[in-house]
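Subject: Structure handover

Hello,

Here is the structure I said I would pass on.

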Amino acid sequence: MTYYIFRHGETYFSKNEVPYGENIESAEILPEAIPAIKKLAEFLKGKGIDAYYSSPYLRCRQTTKMVSEIISKDFIFDENLGEFRRERETIEEFILRTKGFLESLKKKDYKNIAICTHGYVVSALRELVLQGFVQKERLDDYPKTGVIMHIENGEAAYVDFNNQNAPTTP
């Protein structure tokens, strides 16, 4: 299976590297996130993606709405793609939740999947797809917003859509 995994558009919190706190589900993307999101959507067009999944948090909904307008496909919102919430689950529960999401995908006949989610989830998905397990110390090693991680044949590659000359094709 080929994965195209990306974070939601930039928020005040991601831009300033501050905790979301009580805004974890309600934080909105910033206007300056829009160009990168549109370039990322153009990149996804024509990739033969079988299904599009997203976290249900507002910043992901805002991001996927823009992507959907360009690719003419809807995203499936899945609670399992929500950000790690220290106050509600242990890291082990978070990893099991993420692993369960991946296992549900493997039961379907997908070849190409696109996923919009959050930093820790991006890292957990990468670790699970590439290694089959998660190194907890690597969970905070995720790409910034506006970057898509393409995983295929056991390799991860990144494309950054944040600069003005970002590619819309690989």
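Two residues are in contact here when they have heavy atoms within 4.5 Å. Helices (H or I, at least four residues) and strands (E, at least two) are DSSP runs, numbered from the N terminus. Buried means under 20% relative accessible area, exposed means over 50%, and partly exposed is in between (1.4 Å probe, protein chains only).

This is a predicted model, in which local features need pLDDT of at least 70 and side-chain atom pairs count only at pLDDT 80 or more, while totals for chains, interfaces and linings use all residues. Residues are numbered from 1 along each chain as its sequence is written, and side-chain values use heavy atoms, with hydrogens and water left out.

Helix α5

α5 has 13 residues. From first C-alpha to last it reaches 18 Å, close to the 18 Å expected at 1.5 Å a residue; the expected span is 1.5 Å times one less than the number of residues. Of the 13 residues in α5, 10 are buried, among them Tyr-120, Val-121, Leu-125 and Arg-126. The cover over these buried residues includes β1 (2-7), α4 (91-106), β4 (112-117), β5 (147-152) and β6 (155-160). Just after α5, Gly-132 has a positive phi of about 85 degrees.

Strands

β5, which is part of that cover, is itself mostly covered, with five of its six residues buried. Two strands are taken to pair if DSSP finds at least two bridges between them. β5 pairs with β1 in the antiparallel sense over four bridges, and Phe-6 has Ile-148 of β5 as its bridge partner. β5 and β6 also run antiparallel, joined by six bridges, and here Ile-148 stands opposite Val-159. The hairpin of β5 and β6 has two residues between the strands, and Asn-153 in this hairpin takes a positive phi near 55 degrees.

Cys-116

Cys-116 is in strand β4. It counts as buried because its relative accessibility is 0%. Leaving out residues up to four places away in sequence, the residues that Cys-116 touches include Phe-6, Arg-7, Tyr-53, Cys-60 and Phe-75. Cys-116 and Gly-146 are 30 residues apart in sequence and 11 Å apart in space, C-alpha to C-alpha.

Largest pocket

A pocket is an open set of points on a 1 Å grid over the protein atoms alone, where a 1.4 Å probe fits, with protein on both sides within 12 Å along at least five of seven lines; lining residues have an atom within 4 Å of a point. Grid points are joined across faces, edges and corners, and a volume is the space filled by probe spheres set on the points.

The largest pocket holds about 780 Å³ of space. Its lining has 37 residues, of which Arg-7, Ser-14, Val-18, Tyr-20 and Tyr-142 lie nearest the centre. The elements giving two or more residues to this lining are α1 (12-16), α2 (34-44) and α5 (119-131). α2 gives the largest share, four residues.

Loops

Glu-17 lies in the loop between α1 and α2 and is exposed, at 73% relative accessibility. Ser-72 sits in the loop between α3 (58-71) and β3 (76-77) and is exposed, with a relative accessible area of 62%.

Regards
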